[in-house]
Amino acid sequence: MRIRVVNPNTTAAMTATIEASARAVAGPGVHVEAVTSAMGPASIESHYDEALSVPGVLAAVAEGERAGVDAYVIACFGDPGLDAARELARGPVVGIAEAAMHAATLLGRGFTVVTTLERTTGRAWDLAARYAPAGACRGVHACEIPVLELDRDPFLADRVATLAGAALAADGADVVVLGCAGMADLARTVSARIGVPVVDGVAAATALAQSLVTLGLRTSARGEFAPPPPKPYSGALSGFAKSPVSRGSRAM
Ligand code: 2AL
């Protein structure tokens, strides 16, 4: 089984963190390939960044389809391009916010999200409304460290653990969700420090994608996630006009 984990930003060092987290949960016979987006922003921490990261995500999925990839993980906490990727891929596509929030609802009554910048918290709340039952997301808290500074901060684990511990108490939550793919390597350390489950979406999404393939389940091609209708695309996006594959064989 081949799982492609797409880092929607263009920073290769962050892809290495993502890859290590995904590989740590890959079972025997599962090949994890982490890819860095070939176009777009160096980090994603605004709606503008997020919108302009989507073509790179879709190009990575289209290329994966040509190469025979079985499933995809979108490894940015805004889940950029998730629904569009589902229209392109034969196999399942899982977003890290989606996987982390669903996992958190299996582990406790309420979760709190610890993320990067305050300006990204609105997106996290929007995704919680989509993925979690009402009331399950108890809070979204920013450590105010920009994405590209996460791996430069020698006290990052301390800062995230302190914030997460305070957030749990303030929100009445019992699970923590890490709100950035660049925090993927912190889950165990932070969990040991604060004594509750801490969910890294990269690991959760990789494990979930792997499970869906093992179960023989894929995105339904009936209705909304059917391949996009062909049409001309213009200008810088003209290369996106053609669907990468015909998914005529996708039945489930
Ligand atoms: C992210 C993430 O996961 N990757 C990125 O570039 N930005 N999320 C975030 N909340 O800042």
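The model is predicted, so local features need pLDDT of at least 70 and side-chain atom pairs count only at pLDDT 80 or more, whereas totals for chains, interfaces and linings use all residues. Residues are numbered from 1 along each chain as its sequence is written, and side-chain values use heavy atoms, with hydrogens and water left out.

Most residues other than glycine have a negative phi.

Next, select Glu50, which belongs to helix H2 and, at 13% relative accessibility, counts as buried. Apart from its neighbours within four places in sequence, Glu50 is in contact (heavy atoms within 4.5 Å) with Ile44, Gly78, Pro80 and Arg123. Helix H2 as a whole, residues 47-67, lies across S1, S2 and S3 and runs at about 165° to S1, where axes are lines fitted to C-alpha atoms, for helices over the stretch in contact, and angles between N-to-C directions run from 0 to 180 degrees.

Now show the sheet, which is open and has 4 strands in the order S2-S1-S3-S4 with parallel pairing; two strands pair if DSSP finds at least two bridges between them. S2 (31-36) and S4 are the edge strands, each pairing on one side only, and neighbouring strands are turned by 20° against each other on average, direction ignored.

Within this sheet, centre the view on strand S3, residues 71-74, which is covered on both faces, with Ala71 and Val73 buried on one side and Tyr72 and Ile74 buried on the other. Strand S1 (residues 2-7) runs parallel to S3 and is joined to it by 4 bridges, with Arg4 opposite Tyr72. Towards strand S4 (residues 93-95), S3 pairs in the parallel sense over 3 bridges, and there the bridge partner of Tyr72 is Val93. From S3 the chain passes through helix H3 (residues 82-88) to S4 in a right-handed β-α-β crossover, meaning that, with the strands pointing away from the viewer, the path from the first strand over the helix to the second runs clockwise.

Helix H4 is the next selection: it lies across S3 and S4, at about 70° to S4.

Which residues have the most contacts inside the largest nonpolar core? They are Phe77 and Phe111, in a core of 68 residues, defined as buried Ala, Val, Leu, Ile, Met, Phe, Trp, Tyr and Cys residues joined through side-chain atoms within 4.5 Å. Helix H4 (residues 96-107) gives the largest share, 6 residues. Because domain 1 (2-95 + 204-241) and domain 2 (97-200) both contribute residues, this core lies between them, the bounds coming from an automatic or database domain assignment. Select Phe111 and, leaving aside neighbours within four places in sequence, find among its contacts Met101, Ala132, Cys137, Ala173 and Val177.

Finish at Glu144, in the loop between strand S6 (137-142) and helix H6 (156-171). Although not a glycine, Glu144 has a positive phi of about 60°, and at 46% relative accessibility Glu144 counts as partly exposed.

Technical notes: Buried < 20%, exposed > 50% of the residue type's maximum accessible area, 1.4 Å probe, protein only. Helix = DSSP H or I, 4+ residues; strand = E, 2+ residues; numbered from the N terminus.
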